[in-house]
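Hello,

Here is the structure we talked about passing on. Please open it alongside the notes below.

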Amino acid sequence: MKKSILIYGCIIGVILAINLVFMVNLLYNNPNMESNDVVGYAAMIIVFSLIFFGVRNYRNKQGEGFISFKEAFKMGAAIAFIAATMYVISWVFYYYLFVPDFMDKYAEYVLSSSEKKGATAATLAEQAKDMESFKHMYKNPLFVVLITYSEVLPVGLITALISALILKKKTSNQPNCLITNT
């Protein structure tokens, strides 16, 4: 089971990390900093669907076609955790080494976007205060790690839960035979 967890966790983690760098570059280099969150999360769901295939592969090959809900969820959650950890590590390195001013640009974008939408001066002042607070918190690497896990790990755990519900199969203790009256 450990081998399957590592293989699928690493595959998903690499794909998530590549997607992260691509999306951040797209966002960071776009003067309007516009992105499509729906596309981003849809991609994340599609990538995390590999959890299903990892658990199914283990069930069919090593589990002889059977796996309990608990074992399937545990395996899926472990795959999700490994993938999320790779995503977090990628973001931390990428953020601190390549886009350390990302939060400054993001804060400017949020404020200008609100202004374009007709936000009042009071609303803009409150948003500016909130963004400054968030930028200050983002200077703490622990906060960066926790907030980044919160972006990706819930999606992986939900996928693991759904996969476990679909793939669970308990062994049958009774022989499969037909009784006929002749």
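**What turned up**

Phe 69, Ile 158, Leu 161, Ile 162, Leu 165 and Ile 166 form a nonpolar surface patch of about 540 Å². Patch residues have over 30% relative accessible area and no salt bridge; nonpolar side chains (Val, Leu, Ile, Met, Phe, Trp, Tyr) are joined within 5 Å, like charges within 9 Å. Areas are Shrake-Rupley values with a 1.4 Å probe, and for residues only the protein chains shown count as cover. Helix H7 (residues 141-167) gives the patch its largest share, five residues. Ile 158 is in H7. Helices (H or I, at least four residues) are DSSP runs, numbered from the N terminus.

This is a predicted model: local features need pLDDT of at least 70, side-chain atom pairs need 80 or more, and totals for chains, interfaces and linings use all residues. Residues are numbered from 1 along each chain as its sequence is written, and side-chain values use heavy atoms, without hydrogens and water.

Next, the salt bridges (a side-chain nitrogen of Lys or Arg within 4 Å of a carboxyl oxygen of Asp or Glu). The structure has two. In one, Lys 135 meets Asp 104 at 3.2 Å, N to O. The pair links distant parts of the chain, 31 residues apart: Lys 135 lies in helix H6 (residues 121-137) and Asp 104 in helix H5 (residues 102-116).

Last, a helix pair. The axes (lines fitted to C-alpha atoms over the stretch in contact, with angles from 0 to 180 degrees between N-to-C directions) of H2 (residues 37-48) and H3 (residues 50-61) come within 4 Å and cross at roughly 5°. H2 is therefore roughly parallel to H3 (angles under 35 degrees).

Best wishes

Note on methods. Helix = DSSP H or I, 4+ residues; strand = E, 2+ residues; numbered from the N terminus. Parallel < 35°, antiparallel > 145°, perpendicular 65-115°, else oblique.
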